[in-house]
Amino acid sequence: MTSAAPRRTLLIRNAELIATLDDQRRELRHASLLVQDRQIVALGSAEDLRPWLPADGVDEEIDASDHIVIPGLVNTHHHMYQSLTRAIPAAQNAELFGWLRTLYPLWAGLTPEMVQVSTQVAMAELLLSGCTTSSDHLYLYPNGVKLDHSIEAAAEIGMRFHAARGSMSVGESAGGLPPDSLVEDEAAILADTQRLIETYHDAEPLAMLRVVAAPCSPFSVSRDLMRESARLARALGTRMHTHLAENDHDVAYSLAKFGMTPAQYAESLGWVGDDVWHAHCVKLDDAGIARFAATGTGVAHCPCSNMRLASGIAPVRRMLNAGVPVGLGVDGSASNDGAHMLGEARQALLLARVGRSLGPFGCDHGPAEMTARNVLEVATRGGAKVLGRNDIGHLSPGMAADFALFDLRTLGLAGGAVHDPLGALLMCAPASAAYTVVNGRVVVREGQLCTLDLGPLLACHNRLAQQLAYAAG
């Protein structure tokens, strides 16, 4: 009879503050956290942890004095390949449809190497900002690109990943937005989506990889593909994701093409329910909010991208008050031009406070409209719920060991952390993580990525970005 393998232990000792975001929303001062393998087993005072500590000592200990510990941030919407096309001059001042038409010709040159490298660059940026779980919506597959390339890249860098098999099937000649050269056959889309789910999707608790069915948008796929994708996802027990109600043009397209609002269109095709989340929803009306709340349909709020493309301000407070699950997303790196999750949370906090003054779809504005603790909950527990996870998003025994540590002695937090460490973390200039732990593994240590050599990765990424732009003229 063989003995059980020894359990690896990690002790986060004497943190200035642990913001648990647990069911009681406890904030523990001068507290510690103990990890065994992939899970949190105990947290609290040194005395609380004493019965849990191995007699022969822990395998690794991190002195968290002068640090705050928060649950790993959860990114619910991204297009990681777009890090190759940040700040393209011709697309800097365009709204959504013009921006897409400008960049489609560049993205047509994507290669498998470009997808792998850009995925790792995007994930490095997220990990260094305290994000431990990310979705990515890849809906372009030219030149042999497969979602497998993103999946391989995520495994190497060590991020918990929800890989969304996006798709476009309605090109310009059929009344869609994308060029015909970038759309796929719908039968092939469904077959590949099924292959990916059956090959990679892990429905077990603490899963590092899940696969999502994710047709791109109402203006790039057919009704049939939306319906069949929903049937496939539900038959295979996975989730569904798409873009919805992103700006006025998006709403106008839906009304003209389908005779329905975006929310009505989604519901008519089976795209509401607690296994669905939609990106943006900037122009989601009151009836749509009510239906999303009643059905548990989630929303990925992307404040920086929505401002960058002048799409508007999503009615996040009204969604939350109605009971709509809301998470945070950085969106694509060419519509945000950054992927700093803590910075995204700060922007969400600030934007919610000025909403109504900027249009009828805004929120009730005011300084208490969104607090630091509100927005951290959206960025952690909210994101976990949107992704259908009950094993991430807060810190308590049995949860995945996903969390980030931030040094409170940094310049940007000076004068704030002494008053309210958690408030300062969200309200002051966005900080970089001192440590990021994913699935019990330290992937950022003392502000440096541990899993990949960032210098050569960035050099390769910049070379490929130039190559992509040059090839498109």
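A cavity is a set of grid points where a 1.4 Å probe fits but cannot get out. In this predicted model, the largest cavity holds about 120 Å³ of space. The largest pocket holds about 380 Å³. The largest nonpolar core has 123 residues. There are 0 disulfides. The points below take these features in turn, then look at a few single residues.

**Cavities**

- The structure has 2 cavities of 30 Å³ or more.
- Rolling a probe the size of a water molecule over the atoms shows where empty space is left.
- A total of 15 residues line the largest cavity.
- Leu96, Leu100, Tyr139, His243 and Glu246 lie nearest the centre of that cavity.
- Helix H2 gives the most to this lining, with 4 residues.

**The largest pocket**

- The lining of the largest pocket is made of 19 residues.
- Nearest its centre are Val326, Glu377, Arg381, Gly382 and Lys385.
- Two helices, H11 (316-322) and H13 (372-386), each supply at least two lining residues.
- H13 provides the largest share of the lining, 7 residues.

**Nonpolar cores**

- In the largest core, the residues with the most contacts inside it are Ile70, Trp99, Trp107 and Leu426.
- Helix H3 (residues 112-127) gives the most to this core, with 9 residues.
- Another core lies apart from the largest one and has 21 residues. Among them are Ala31, Phe403, Tyr435 and Val442.
- Trp107 touches Tyr81, Gln82, Thr85, Trp99, Leu100, Tyr139, Leu140 and Pro142, leaving aside neighbours within four places in sequence.
- Two of these partners of Trp107, Leu100 and Tyr139, are also among the residues nearest the centre of the largest cavity.

**Helix H2 and Thr102**

- Thr102 sits in helix H2, which covers residues 96-107.
- Is Thr102 buried or partly exposed? Thr102 is partly exposed, because its relative accessible area is 26%.
- A polar atom of the Thr102 side chain lies 2.9 Å from the backbone oxygen of Gly98.
- Beyond residues up to four places away in sequence, Thr102 touches Ala90 and Ala91.
- Thr102 and Ala424 are 322 residues apart along the chain, and their C-alpha atoms are separated by 39 Å.

**Helix H4**

- Why is helix H4 (residues 147-157) described as largely enclosed by the rest of the structure? The reason is that 8 of its 11 residues are buried.
- The buried residues of H4 are Leu147, Asp148, His149, Ser150, Ile151, Ala153, Ala154 and Ile157.
- Gly158 follows H4 and has a positive phi, near 95°.

- Cys216 is in no disulfide. The nearest cysteine sulfur belongs to Cys302 and is 13 Å away.
- Cys216 counts as buried, because its relative accessibility is 6%.
- For Cys450, the closest cysteine sulfur is in Cys131, 16 Å away. A disulfide needs two cysteine sulfur atoms within 2.5 Å, so this separation is too far for a bond.
- Cys450 counts as partly exposed, because its relative accessibility is 40%.

**Two buried loop residues**

- Asp22 lies in the loop between strand E1 (9-19) and strand E2 (27-36).
- At 3% relative accessibility, Asp22 is buried.
- The Asp22 side chain reaches the backbone nitrogen of Arg25 at 2.7 Å.
- Not counting residues up to four places away in sequence, Asp22 touches Arg381, His394, Leu395 and Ser396. One of these, Arg381, is also among the residues nearest the centre of the largest pocket.
- Leu269 lies in the loop between helix H8 (262-268) and strand E11 (276-280).
- Leu269 is buried, with a relative accessible area of 5%.
- What does Leu269 touch, not counting residues up to four places away in sequence? The contacts are Arg223, Met226, Arg227 and Ala230.
- Leu269 and Arg227 are 42 residues apart in sequence, yet 5.3 Å apart in space, C-alpha to C-alpha.

Key: Residues are numbered from 1 along each chain as its sequence is written. This is a predicted model: local features need pLDDT of at least 70, side-chain atom pairs count only at pLDDT 80 or more; totals for chains, interfaces and linings use all residues. Side-chain values use heavy atoms; hydrogens and water are left out. Buried means under 20% relative accessible area, exposed over 50%, partly exposed in between (1.4 Å probe, protein chains only). Contact means heavy atoms within 4.5 Å. A polar contact is a pair of N or O atoms within 3.5 Å; within protein, one must be able to donate a hydrogen and the other to accept it, and residues adjacent in sequence count only if both atoms are side-chain atoms. A nonpolar core is a set of buried Ala, Val, Leu, Ile, Met, Phe, Trp, Tyr and Cys residues joined through side-chain atoms within 4.5 Å. On a 1 Å grid over the protein atoms alone, a cavity is a set of points where a 1.4 Å probe fits but cannot get out, and a pocket is an open set with protein on both sides within 12 Å along at least five of seven lines; lining residues have an atom within 4 Å of a point. Grid points are joined across faces, edges and corners, and a volume is the space filled by probe spheres set on the points.
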